[in-house]
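Good morning, everyone, and thank you for making the time. Please have a look at it before I go on.

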Amino acid sequence: MKYTLDYEKYAELARRVAAEGSVLLRNEDGVLPLQKGQKVSIFGRTQFEHYKSGTGSGGMVNAPYVTNITDSLKEDGTVQVNEVLEAQYREWLKDHPFDIGEGWAMEPWNQEEMPVSEELTRQAAEQSDLAIVVLGRTAGEDKDNSAAEGSYLLTAAEEEILRNVCNAFARTIVVLNVGNIMDMKWVDRYQPQAVLYVWQGGQEGGRATVDVLTGKVNPGGKLSDTIAEDIEDYPSTENFGDPVENFYTEDIYVGYRYFETFARDKVKYPFGFGLSYTRFQTESMGLAVQGTEATVIEKVTNVGGMSGRETIQVYVEAPQGKLGKPLRQLAAYAKTEELKPGASEELILKAELTELASYDDSGVTGHKSCYVLEAGDYIFYVGTDVRSAREVGRVTLAELQVVRTATEALAPVQAFKRLRPFFFGENDHAIANWEDVPLRTIDLAERILRERPTQSEYVGDQGWKLADVYDKKITPEQFLTQLSDEDLICMTRGEGMCSPKVTPGTAAAFGGVTDGLQQFGIPVACCSDGPSGIRMDCGTMAYALPNGTLLACTFDPELVEELYEMEGMELRKNKIDSLLGPGINIHRNPLNGRNFEYFSEDPYLTGTMAAAQLKGMGKYGVTGTIKHFACNNQEFKRHDANAIVSERALREIYLKGFEIAVKQGGAYSIMSTYGPVNGLWTAGSYDLLTTILRKEWGYQGIVMTDWWAKINEEGEPGSGKQTIPMVRAQNDIYMVTADAASNSNKDNTAEGLADGRLTRAQLMRNAANICCFLLRSVAMERLLGREEEECTELHSPISTEGAGDSGQVLARMELPEPKTGEEIELPLEKLITKKGTGAVYQLRFPKVGRYELVFRMSSTLGPLAQLPISVFLNNTLQQTVTINGTEGKIVEQTVILAIRQDGEKYMKLYFGESGIDMSRMFLRYVGKNDIESFRNE
Ligand code: BGC
């Protein structure tokens with residue numbers, strides 16, 4: 001495949017997306033956009049330290065740069081930045097550097113702010129026309145938000161900034177550089193003129209914000225979540241964060257489905273809401289219904305003074321029937337092109353009622369385990385947010401329609417009550433009523449046994465290679481008859497992280513991970529985090545893209561698809577077959593730390609956004625692994641907290657986005673989640689991964705576990721070694737083990753096969769799933785030498801800045817069991833010390849402790865030349881040592897490496913300037929003392 005990866009175009013596109021996903025919630029007196037020549041004072045340190053993403057695996061992209069708001073405003077030049085204030089901030093920041101915390105999940109939610117006194121704001125107000133206050137937040141994997149100051153709420157320092165700034169300035173604009181929504185009560189307290197959510201916009205986030213502030217891009221973003229008055233107003237808050245059991249008592253009433261049905265007055269900003277710098281008039285041109293499909297035509301006219309885009313949303317109110325329904329469900333959305341003042345466009349939106357069919361998990365309609373449309377009126381509402389949407393027509397179904405017959409699956413086993421609406425007379429909203437959740441009635445063990453696959457032939461090596469399946473000479477099943485049980489078992493093991501078999505620094509290798517498997521011509525595929533750019537832990541740089549929430553707020557799947565085409569090229573260039581993303585869990589509660597990676601509280605918006613990403617990446621032969629299947633809705637105790645959910649809520653809300661991604665987006669790689677759902681850890685949940693995913697949805701791809709996941713037999717505790725239920729459930733790959741061949745994870749698959757708890761047929765079936773993935777992969781084409789790869793890279797910022805060069809692996813070494821003081825030589829033959837190059841040594845450390853890395857080197861340059869070398873261990877900078885030119889004399893420099901865990905590490909050297917002649921490099925073991933005082937490797 002020939003393709004051109006033009007990084008300038010990539011950056012422009014990412015910037016456009018980030019701007020289009022910004023949501024303007026308030027704009028009194030047209031304070032925005034900023035006008036040419038205005039003088040602006042900017043408050044809040046985040047103006048300099050833009051959050052490109054949240055934290056954890058989804059935030060670890062080594063971006064070549066991250067733009068910030070102040071520098072971008074100055075680069076833009078429309079307004080004049082108050083440089084006196086700017087200088088004060090920069091001075092203060094010198095003594096208050098950004099606190100990254102002490103390792104994984106330790107980065108604080110917010111950063112200390114410079115105190116902003118009344119005096120300071122008064123002075124600033126004298127020198128400028130308006131103020132911008134930038135507030136920042138982060139959260140992420142293993143770190144939920146908290147309903148406390150500094151996270152969901154403002155800190156005292158931030159309150160002070162807002163109070164003093166809003167008092168001193170006639171015009172204040174608040175910009176929120178945050179992962180997802182936060183408490184907004186302060187808007188009433190301080191009444192700033194404008195409020196703009198810019199989310200976490202990736203590396204172009206600063207520039208994109210400025211595009212919106214200055215009106216180069218008219219913000220067209222719409223909220224992908226409801227912002228309620230108070231965190232307590234979300235019905236899930238009560239149960240959120242329980243370390244053991246999390247009851248989903250609100251059932252299908254998530255987000256606006258809850259608020260529009262039960263608590264309209266608790267909404268501060270409704271789902272789908274967002275302002276524009278222009279005004280639009282919308283006019284219904286009619287509703288046509290054919291069967292269960294409604295076509296809505298809406299004319300949108302720009303009646304304001306600026307070009308812009310508007311989003312039209314179609315909601316359906318289904319009859320309450322016997323099941324009870326939310327008063328609104330998003331059924332379709334569409335966005336206009338950029339409309340000039342006076343211009344109009346007719347949008348045609350199709351809403352398919354069957355997509356909104358309710359799942360009867362109790363049998364109350366007489367159709368248990370069916371998707372039904374109950375008899376009655378289906379009312380269509382059209383508008384620019386859920387609250388303002390107006391009725392455009394209705395369809396009456398004379399009798400109930402069964403849309404799809406399914407099978408009871410994944411039902412809870414613990415009794416609890418769920419919410420359902422109850423209407424008094426003509427009341428337009430319901431009061432809460434509670435009903436018993438239907439519990440499981442099927443015999444799961446019997447189902448698994450009955451549906452056990454049977455094909456299990458073993459014929460030994462017939463000389464067939466996977467290429468013969470690729471060339472359609474034999475079927476995958478025939479091919480697999482050659483693999484021994486041991487080979488089949490090895491295929492269930494993914495290797496990582498940072499496997500040497502694939503692109504350095506990535507999350508995992510899978511497929512042909514052993515010599516045995518490779519002899520059958522099975523390639524090794526590679527996956528890496530995700531979702532907002534590629535994570536490569538050896539320091540390789542990649543583009544950092546806007547976060548998931550922001551993408552959803554664009555309400556523009558075509559644009560998202562275009563951006564992910566670029567991501568697809570970047571993946572392909574890096575020889576990565578699948579990005580571990582998009583994350584498509586539902587924003588059940590605003591406090592979930594990983595909401596930034598996910599899209600929305602609405603499953604239709606979520607599913608269509610995921611499908612768009614997959615289609616985009618798919619154009620370049622690579623894909624995304626949709627995750628985390630399902631209910632990864634809190635980070636606290638995510639390995640163990642049991643999500644207890646009704647089958648209806650699962651199917652209508654929590655699985656729905658996945659279903660759309662599979663059916664419309666052609667997903668063929670899925671990651672199961674960490675925690676259990678209804679008592680079964682998802683990686684071993686037969687009903688989730690076989691009954692629903694494969695049998696019902698027709699899914700044909702692979703399922704992998706989340707990294708170091710647990711699995712259980714029903715009623716037993718979860719364990720990473722308990723892989724028997726995993727194999728049975730068709731979770732094809734366990735992620736991750738250090739070494740598949742030696743079963744370094746000590747899984748019990750072989751044991752299960754030996755004692756009959758597993759069959760060879762089950763392993764063959766899973767291996768067939770994996771082979772089907774591999775047959776579609778670029779890894780396969782590459783192995784066959786049939787990939788005519790030609791990637792032209794244009795305008796790459798990637799190999800010239802920072803530690804960007806991924807570096808070649810120069811040597812792979814098993815270090816000998818070291819003795820104190822002994823020197824272990826590192827080979828220099830292939831070392832190139834040119835500016836901007838990286839050199840990677842893949843080292844297996846047999847022992848924890850301190851090691852000295854000693855450089856003996858010289859340079860013919862003069863004494864003012866500065867020649868830095870950075871040393872990274874698994875992408876974490878250990879130290880940068882700089883020598884000056886030595887005019888030929890050999891000098892020595894030492895870097896201490898604290899190895900806290902034995903095993904394989906990537907040690908990368910990065911040369912920031914040319915001119916070093918390396919004459920010797922060695923490691924010296926200095927013992928175990930004092931390693932705690934050194935940074936983690
Ligand atoms: C996360 C996944 C991620 C994986 C690999 C896990 O901790 O939950 O989302 O893809 O690690 O980094």
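Let me begin with a stretch that carries an annotation: the UniProt record, an unreviewed entry, labels residues 310–386 as a domain, "Fibronectin type III-like". Please keep in mind throughout that what you see is a predicted model.

In one of them, 3 strands come in the order 11-12-15, and they make an open sheet with antiparallel pairing. Strand 11, which covers 280–290, and strand 15, which covers 344–352, stand at the edges, and because each has a single partner strand, one side of each is left without a neighbour in the sheet. From one strand to the next, the twist averages 20 degrees. If we look at strand 12, residues 293–302, we find that this strand pairs with strand 15 in the antiparallel sense over 9 bridges, and as one example, Ala-294 has Ala-351 in strand 15 as its bridge partner.

The other sheet is also open and is built from 3 strands, in the order 28-30-33, but here the pairing is parallel. Why is one side of strand 28 and of strand 33 left without a neighbour in the sheet? Strand 28 (626–629) and strand 33 (702–704) are at the edges, each with a single partner strand, so there is no neighbour on one side of each. The twist in this sheet averages 30 degrees from one strand to the next. Strand 30, residues 669–672, pairs with strand 33 over 3 bridges in the parallel sense, with Ser-669 opposite Ile-702 of strand 33.

Finally, let us turn to the ligand. There are 14 residues around the ligand, and those that come nearest are Glu-141, Asp-529, Arg-594, His-628 and Asp-706.

Which side chains place polar atoms by the ligand's oxygen atoms? For His-628, a side-chain N or O atom is 2.7 Å from an oxygen atom of the ligand, for Arg-594 the corresponding distance is 2.8 Å, and for Arg-535 a polar side-chain atom lies 3.4 Å from a ligand oxygen. Taken alone, the ligand exposes 310 Å², and the protein buries 97% of that.

Notes
Residues are numbered from 1 along each chain as its sequence is written. This is a predicted model: local features need pLDDT of at least 70, side-chain atom pairs count only at pLDDT 80 or more; totals for chains, interfaces and linings use all residues. Side-chain values use heavy atoms; hydrogens and water are left out. A residue is near a molecule or strand if one of its heavy atoms lies within 4 Å of it. A polar contact is a pair of N or O atoms within 3.5 Å; within protein, one must be able to donate a hydrogen and the other to accept it, and residues adjacent in sequence count only if both atoms are side-chain atoms. Accessible areas come from the Shrake-Rupley method with a 1.4 Å probe; for residues, only the protein chains shown count as cover. Two strands pair if DSSP finds at least two bridges between them. Helices (H or I, at least four residues) and strands (E, at least two) are DSSP runs, numbered from the N terminus. Axes are lines fitted to C-alpha atoms, for helices over the stretch in contact, and angles run from 0 to 180 degrees between N-to-C directions. UniProt positions are given in the numbering used here, feature names are shortened, and annotations may be inferred rather than shown by experiment.
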